[in-house]
Amino acid sequence: MSVAGKVLVIDDSELVLERVKARLQRESYEVATTSQPVGAARHLLLCDLVILDFHMPGMNGSEVLRSLRMLGASSGASPLYFLYTSDKSLSRGYRELGFDGTLINKGDDESLVQQVAVALRLAKLRSKATRGKG
Amino acid sequence: MGRSFPVVSAPPPSLAAISARPSLITSVGGSIATRLALGIVVLVALVTSLVVAELNRLEWQRMLTSKRAAGELVAVVFAGALAPALDFKDDDAVKDRVEGLRVSSEILQASVVASGRSQPIAQYRKLNEPACTNADCIEVLHAVVSPTGEQLGSVQLRVSLSREREAFAQTRRRMIGLGAVFCLGLASALILIARRFLVTPLGRLETAALGLASGSPVMVPVQRDDEIGRLSRTFNAMAQIIDDRERRIAASNRRLQNLLDHMGQAILVFDAQGKLTEEHSRLAERIFGAEVGANVVDQLYPVCEDAEMEREAFQVWVETAAGSDPAEFKDIVDLAPRSVKFQHAGEELELDLEYRLVYAGAASRQIMLLATDVTEKRRLERSVAEKDLEHERQLSAVRRLVSGGGQLFAGFMDHTERRLGVCRELLNTHQTLDRATVEALFQQFHTLRAEARCFDLARIEARVTQLEALLQELRQELRADLHGQGLGETDAGSSQELRLGVDELAELLAEAQQTFVAQHPLGTAALDLMTVRRSRLLAVLTLAKELPSELRGRFEELARRPLVESTALLPEAVARWAQRAGKNVRLEVEHNGLEIPHALAGVLGGVLSHLLRNAIAHGIETEAERQAVGKPAAGTVRISGLESEAGITISVSDDGRGFNIEAIQARARGLAPDAILALSAAFESGISTIVTRGELAGAGVGLAAARAELASAGYCIKVAATSRQGTELRLTPFSGTEMAPTSAELVVRKA
């Protein structure tokens, strides 16, 4: 079972998106990015992991998460939603915010790669468990 | 061979002791000894009861029979006495005789009935006696017959059994008593026999079995050849086999454990719930603790905020993997963590992780985790990578310097040394630094950092950046201090740190210079070079023709170029040409710091290319051919330069097969009949000895072109030697007034 997977990154900073995309693509992940939460749901199909910024203009990450979960569920997509932040207090409360996990040390690309690998493993294991139950 | 065991020597346990203690032969209802004893007692009691009852019954029967016989005898006698009275129909006499029976205590009832009459003539019943039943008396009926044989009537007597009953009661009590004594004796005897021949040997067997179960087997003494004896013998053999097997298993386990301990891996085994089993290697115990029953997730990822996701992912993986069969496990293992950083004894370990499914059917599934400590390996890899990166940067800088003029680097060295000198002076003059000094130092470091970056000197740049950051802090402190009307000077510690930094930079600069010199073909001479425009130099040379020869010679020296400039690109090109030709060729260049005349430098690169391509195509054999004639697999082509009084000589030699004189002759169509002329023909245009024209050679223009180019620079080419062991060509200036050769000057070494 391959660990490679499809990742959707949502962040209001184009610079962050470019960096993250370039770094994750070097690891052979399929990466989609968007700075516009509205309409991001079209990327959800076949997506394994969604990485969300929290502080975004207009909507915060929690609101985007709720919207994506609803739209994803209606389209049959069930990726894991991970918060991406360097704010430790925020990352500690990821469960209360509704996220499946958190990627810490935002800005540290090497740390991001390691954490994404773990998150994708978790996503695939959860997906397998769900299929097994189905 | 099996070892000998101690023999069970304990005294045979008592029945009570055996029945009381928990044992292998104890089951619901007590021990076999108790049950045996109870069985014997019950059985003997039952049998005795039956015997006594039967004897009683027989005795009672005997008494009844005797009583009946006596009764019948009385009836006969009484009937005989009645016959005359009945014959004469004397009822009174009959009644008198019946009344006479009253004296007998045994006869309870009597009645006489005459023939033809329905009512008894006389009857008698004892007073105070109830009507007796069959159990209390016996009834005797006898006919009264006349002497002539005529039946006169009948007599009915009921005889009491009370005496017999008393006698029988006494007899029965006696028999029951005897039966009980007999039963007790027999039971005791049987129990003693059972204990001696059954219970005690079984107890010994039990003791031995318990010893065997607890890992200290003992032998059972074999005293008889009955079933118990054979069982004991079989048990001893079995215990011996088990002990041998256990010792082999223990030895095997020790070997396996030894193997595990020396595999250099921390090996853990965990079950479907993630709990560690007993199996683990010594390294695992040292790193993880590996306590039996501990959770493998906790072992790999101790609770830590930053490792929460890793913990969760691994936990889910353990649950998923534990439920998989071998086919699924191959896929699932890809989703397991393959490495982990682990804090142990205050240092961070890097472990590579592998997993193996220990599958013994669906009911028994365990996973073996093999953790390899790669901390040192990774550290070395990182160190090597960093050094490689640094080396690559340095080489990159050097390549740029070599191609762009080493004098720039030499200038940087001079400037930097001066800069560091200025910094030292500033720091030595002021133990504490004022704002002006800090600004001056900052300026020096800032410029130095920019220059170091230009030459890709990353270590120098990094160190200067640190010092610059320190100075920046000092600047800010001093600014704040001025606003606060303080002393406006830094502490001595900062000065000391900066001094150390300057010393370190001087060392780094020396290292950079050493690397540059080591890499530069001209060596330390590279530090003495400066750039001169070619057009200006040629203009000076043109004017120098009119100058005295010595002065002209000096100008020509100025125009000389390093030999290495003409050969710099050849090693890479030779490797490429050899690969295309399917050969293994190595190029060696000995430039010896030689500088060659400007005119020769202009053509030498092309000429050497022609000669090397020709050598690879014609001279150097394939690996198989070389090995067949005892040569090294790799062919060697060597270029060397030498300056003598006669001028510059460039030698190009190879260890190939030499010129094919016959082929050259044939291709030259007989223009040169002897070998020497045939060799000269090699340099004529249109002659090539290669059969198939290819990319490297075969057109027949290479050597002729080389000769023509050399001639334009005032040089000729000579075949210094050729044989089946190799060829040497020499490029030398024309001698005397000869301006262009008509043939090559040749010296042929006979093969």
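**Exercise 1. How many salt bridges are there between chain B and chain A?**

This is a predicted model, in which local features need pLDDT of at least 70, side-chain atom pairs count only at pLDDT 80 or more, and totals for chains, interfaces and linings use all residues. Residues are numbered from 1 along each chain as its sequence is written, chains are lettered from A and ligands numbered from 1 in the order in which they are written, and side-chain values use heavy atoms, with hydrogens and water left out.

Step 1. A salt bridge is a side-chain nitrogen of Lys or Arg within 4 Å of a carboxyl oxygen of Asp or Glu.

Step 2. By that rule, the count between chain B and chain A is three.

Step 3. One pair to inspect is B:Glu312 with A:Arg95, at 3.3 Å from N to O.

**Exercise 2. Describe the contact between the two chains.**

Step 1. Contact means heavy atoms within 4.5 Å. Chain B brings 16 residues to it and chain A brings 19 residues.

Step 2. Buried area is the accessible area (1.4 Å probe) that two parts lose on being put together, summed over both. For chain B and chain A this is about 1,700 Å², with 60% from carbon and sulfur atoms. B:Met309, B:Glu312 and B:Leu335 supply 37% of the area that chain B buries against chain A, more than any other three residues.

Step 3. Four residue pairs between chain B and chain A are in polar contact, both residues being at pLDDT 80 or more. A polar contact is a pair of N or O atoms within 3.5 Å; within protein, one must be able to donate a hydrogen and the other to accept it, and residues adjacent in sequence count only if both atoms are side-chain atoms.

Step 4. Helices (H or I, at least four residues) and strands (E, at least two) are DSSP runs, numbered from the N terminus. Helix H8 (308-322) and helix H9 (326-332) of chain B are the elements that give two or more residues to the side of chain B that touches chain A. H8(B) gives the most, with eight residues.

**Exercise 3. Is B:Glu312 buried or exposed?**

Step 1. Buried means under 20% relative accessible area, exposed over 50%, and partly exposed in between (1.4 Å probe, protein chains only).

Step 2. B:Glu312 has 15% relative accessibility, so B:Glu312 counts as buried.

**Exercise 4. Work through a salt bridge inside chain B.**

Step 1. The side chains of B:Glu504 and B:Arg463 meet at 2.9 Å, N to O.

Step 2. B:Glu504 lies in helix H14 (residues 492-519) and B:Arg463 in helix H13 (residues 458-483) of chain B, so the pair ties together parts that are 41 residues apart in sequence.

Step 3. B:Glu504 is partly exposed at 34% relative accessible area, whereas B:Arg463 is buried at 15%.
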